[in-house]
Amino acid sequence: MFAKIKLKWRIFGFLLGFCILLLVFLWLSQIVFLNDFYRYFRISEVRNDVSTIVYHIDDEDINEIVDELSVDGDFVADIVDMQGNSLLNGDRQGSRQSTQNSSANIRLITSATRNAGEYYRFTTTQAQSRERRGDSQHQSGGRNSRGRNQSSQSQTESLLYVRIIDERAIIVNAVISPVHATTTALRYQLFVISGVMIILSAILAIIIARRVSKPIEDINDSAMNLAKGQYDTRFNGKGFYEIAGLSETLNTTAIELGRAETLRRELLANVSHDLRTPLSLIYSYAEMMRDFPEDITPEQAETIMEETKRLSGLVNDVLEISKLEAGMEQLNKTRFNLTKNIDETVELMRELLSSQGYTVEFTHGEDIFVEADEAKINSAFYNLLVNAINHAGADQKVIVELTTLENAVTISVTDYGNGISDDDLPFIWDRYYKSKTAHRRAVTGTGLGLSIVKKIIEMHKGSYGVTTNPGKGSTFWITLYA
């Protein structure tokens with residue numbers, strides 16, 4: 001059920017709940033526990049002042065110290081012996097009159113003795129005062145108006161604190177200012193503040209919720225359009241850094257999906273073209289064999305075999321790129337002679353293209369051994385070689401070079417054709433990509449080679465690249481690291 005609540009209302013609920021939680025805490029601290037807090041701090045203050053008296057209890061000016069602390073701390077203090085008699089000088093007895101009852105002092109000392117030398121208690125007394133107001137006569141309509149006596153009662157809370165030190169007792173009587181009126185004032189004030197805060201927090205929560213949720217709702221609507229195949233959809237998330245970043249990511253995703261869809265359609269068109277041509281030739285020659293079996297020549301049979309081989313290669317390449325992209329292929333690394341592997345592939349290609357005038361040269365030093373998946377590395381090199389042959393220039397020359405540098409081995413394949421345009425260069429390794437130039441049937445291969453090379457080298461944690469010079473040719477290279 002909670003999952004169906006919109007983000008806007010969730011944010012609203014969280015913010016409003018947080019505000020209410022703060023108000024509850026404020027009420028507890030300012031109303032419910034205000035008296036307890038006040039008592040706690042008052043006791044702490046008295047204890048600190050008594051500790052000062054204890055520290056100076058044997059000083060000659062102890063009377064002045066006690067009187068000064070009494071004035072600053074708003075309490076009455078006295079030092080008495082264990083019989084309750086005052087030990088301070090009598091010149092200021094008036095200021096200590098509330099602690100001069102010996103029997104009461106003895107009871108306090110006894111209580112402190114039972115409590116490990118320290119004792120305190122709170123007491124409440126009723127104070128009544130009478131006040132005469134308006135004691136005057138007024139002539140008004142022939143009647144006299146005399147003043148009235150008014151009386152009022154109030155509660156006063158006191159703190160009695162006793163500490164025993166070296167057969168002497170320090171007795172403090174501190175009046176605690178009534179906080180009832182303060183609590184009442186705070187209560188009414190908090191009623192007003194709570195109402196205002198709840199209203200303002202509700203308004204603020206709605207504003208924040210809308211600001212946060214509105215861009216996300218817009219992104220969600222655009223994402224639904226993208227899911228329907230509308231790859232020209234653009235996301236315009238604003239207001240927050242994360243939402244703007246999400247919008248940029250989704251815009252990039254939409255662009256890539258749109259480009260992948262375009263390339264997929266082009267691939268289908270190109271593969272259809274590559275399939276249609278050999279299938280037409282095979283059908284034509286098969287029909288001729290049926291109608292004129294006596295006119296069959298070895299060349300016609302060879303053509304059928306070549307076109308069938310071309311179709312098999314196309315299907316195999318499509319299956320291979322699909323497996324590589326799906327992560328179904330696993331590496332089977334072994335240590336093998338890379339120089340020999342490349343030399344055998346080059347020699348095979350020479351024999352295949354010997355009648356068409358192509359020249360493939362292979363330059364290398366001493367034999368180089370690497371640890372990799374031999375079959376996949378051979379497939380990557382074969383595709384680079386086929387790509388170079390398909391784009392070779394008028395001289396029909398391709399150069400293969402194998403070099404080493406520290407812990408890296410590089411295979412480079414160079415052709416002297418037309419090179420690659422700046423528009424095509426960033427995309428030549430992408431799946432399904434085909435140059436915008438007119439589609440030309442390859443001498444050999446299927447046109448998916450560079451995508452296969454990219455996937456195989458990435459599986460080996462190697463690197464790949466191309467350097468090109470428009471009008472003069474290109475050099476593709478792959479590097480394996482030890």
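This is a predicted model: local features need pLDDT of at least 70, side-chain atom pairs count only at pLDDT 80 or more; totals for chains, interfaces and linings use all residues.
1. Helix H2 covers residues 34–55 and helix H3 covers residues 62–73; the two pack at an angle of about 165 degrees, with their axes 10 Å apart. Angles over 145 degrees count as roughly antiparallel, so H2 is roughly antiparallel to H3. Their crossing is right-handed.

2. Next, have a look at the largest nonpolar core, which has 41 residues. Within this core, Leu338, Ile342, Leu385 and Val400 have the most contacts. Helix H9, residues 374–390, gives the most to the core, with eight residues. Another core lies apart from it and has 19 residues, including Val50, Ile65, Val66 and Ile79. In soluble globular proteins, nonpolar side chains tend to be buried together.

3. What is Leu385 in contact with, leaving aside its neighbours within four places in sequence? The list is Thr345, Val346, Met349, Val360, Val398, Val400 and Val413.

4. Finally, please visit Thr479, found in strand E11 (residues 473–481). Is Thr479 buried or exposed? Its relative accessible area is 6%, so Thr479 is buried. The side chain of Thr479 makes a polar contact with the side chain of Thr410, at 3.0 Å. Not counting residues up to four places away in sequence, Thr479 touches Ala408, Val409, Thr410, Ile457, Gly462 and Ser463.

How values were computed: Residues are numbered from 1 along each chain as its sequence is written. Side-chain values use heavy atoms; hydrogens and water are left out. A nonpolar core is a set of buried Ala, Val, Leu, Ile, Met, Phe, Trp, Tyr and Cys residues joined through side-chain atoms within 4.5 Å. Buried means under 20% relative accessible area, exposed over 50%, partly exposed in between (1.4 Å probe, protein chains only). Helices (H or I, at least four residues) and strands (E, at least two) are DSSP runs, numbered from the N terminus. Contact means heavy atoms within 4.5 Å. A polar contact is a pair of N or O atoms within 3.5 Å; within protein, one must be able to donate a hydrogen and the other to accept it, and residues adjacent in sequence count only if both atoms are side-chain atoms. Axes are lines fitted to C-alpha atoms, for helices over the stretch in contact, and angles run from 0 to 180 degrees between N-to-C directions. Angles under 35 degrees count as roughly parallel, over 145 as roughly antiparallel, 65 to 115 as roughly perpendicular and the rest as oblique. A crossing is left-handed if the near helix is turned anticlockwise from the far one by less than a right angle, and right-handed if clockwise.
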